[in-house]
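Dear colleague, here is my note on the model that you asked me to look through.

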Amino acid sequence: MYREEIITILSEFGLFREMSRQEIAKIADISISREWKKHSHIFMQGDPLDNVYFINAGKIKIYKSDINGKEQIVAILKKGEMFPHVGFFRKGDYPAYAEALEKSILVVVPITQFEKVLIENPELSIKVFRVLGEKIVDLQNRLEEQILNNTYEQIVKLLVRLGENHGQERSDGTILLKGEFTNKDLANMIGTTRETVSRTLTKMKKDGLIEVDRHGDFILAPDKLLEEFF
């Protein structure tokens, strides 16, 4: 991919939207574009933390694994998002795994060189802090959900969050969430079992809180779901 193409791609990220093309060119000069096949890993938990990645196409799963091999999904990221956010201000190793859920194209930026660009562009550093702040708030909210909410409430909030981040709004105001997340994926996102998720989804369908079309996609009405306990 040519330098001009990388500049155009990066300019679409909120992080760089207010920067001039000349300023973005400084980042493009230290970047490369790479493609990952479906189910291939961008990095492994424990690998040296040396790059940050900007998603141009595809979908990336960030997850951790404990000593018993149990998977905990941290996030599902899509076009227009970057990772890992800790890469800017943390030395050491990647704290999680990053796996391509589908063929993905990423712009790869070496951290040491990117830090030099941040030092030269203080306004960009402020934007990075804002993005990090948003992520911290999101993680804090999810932690509170696990502490304060029962499993049923956690599943409801998870579906609403996935609908907001990955769904498509329909003409009637409902959200279409593609059936790309298995029950096991959903369970791994909130630290419960696949069987619990399956039973809960069955109950929600029976109660008319969600629909599943013939393609296995969810049809959600977030307000209706949240009315369950608010």
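1. Two of the facing residues can be named: Ile 60 stands opposite Ala 100 in β7, and Tyr 63 stands opposite Tyr 97 in β7. Strands here are DSSP runs of E with at least two residues and helices are runs of H or I with at least four residues, both numbered from the N terminus, and two strands pair if DSSP finds at least two bridges between them.

2. A word on the basis of these remarks: this is a predicted model, in which local features need pLDDT of at least 70 and side-chain atom pairs count only at pLDDT 80 or more, while totals for chains, interfaces and linings use all residues. Residues are numbered from 1 along each chain as its sequence is written, and side-chain values use heavy atoms, with hydrogens and water left out.

3. Strand β7, residues 97-100, also pairs with β2, residues 41-43, in the antiparallel sense over two bridges, and His 41 there stands opposite Glu 99 in β7. Within β7, Tyr 97 and Glu 99 point one way and Ala 98 and Ala 100 the other, yet all of them are buried, where buried means under 20% relative accessible area, exposed over 50% and partly exposed in between, with a 1.4 Å probe and protein chains only.

4. These pairings belong to an open sheet of four strands in the order β2-β7-β4-β5, with antiparallel pairing. Its edge strands are β2 and β5 (71-78), each of which pairs on one side only, and the twist averages 30° from one strand to the next. Angles in this note run from 0 to 180 degrees between N-to-C directions, and axes are lines fitted to C-alpha atoms, for helices over the stretch in contact.

5. A second open sheet, again of four strands with antiparallel pairing, has the order β9-β10-β12-β11. Since β9 (168-169) and β11 (210-212) stand at the edges, each with a single partner strand, one side of each is left without a neighbour in the sheet. Helix α5 packs on this sheet, touching β9, β10, β11 and β12 (218-220), and its direction makes about 95° with that of β10; contact means heavy atoms within 4.5 Å. Strands β9 and β10, the latter spanning residues 175-177, pair in the antiparallel sense over two bridges, and the bridge partner of Glu 169 in β10 is Ile 175.

6. The axes of α5 and of helix α7, residues 194-206, come within 11 Å and cross at roughly 75°, and the two helices are therefore roughly perpendicular to each other; under 35 degrees counts as roughly parallel, over 145 as roughly antiparallel, 65 to 115 as roughly perpendicular and the rest as oblique. Thr 151, Tyr 152, Ile 155, Val 156 and Leu 159 in α5 meet Thr 196, Val 197, Thr 200, Leu 201 and Met 204 in α7. By class, this contact has seven nonpolar, three polar and no charged residues, counting Ala, Val, Leu, Ile, Met, Phe, Trp, Tyr, Cys and Pro as nonpolar, Asp, Glu, Lys and Arg as charged, and the others, Gly among them, as polar.

7. With helix α6, residues 183-190, the axis of α5 comes within 10 Å and crosses at roughly 110°, and this pair is therefore also roughly perpendicular. The contact is made by Gln 154, Ile 155, Leu 158 and Leu 162 of α5 and by Leu 186, Met 189 and Ile 190 of α6, which by class gives six nonpolar, one polar and no charged residues. Val 156 has its place in α5, residues 151-166, and is buried with a relative accessible area of 0%.

8. Two backbone details deserve a check. The peptide bond from Phe 83 to Pro 84 is cis, with omega near -15°, and Pro 84 lies in the loop between β6 (82-83) and β7. His 39, found in the loop between β1 (32-36) and β2, has a positive phi of about 75° although it is not a glycine. Most residues other than glycine have a negative phi, and most peptide bonds are trans.
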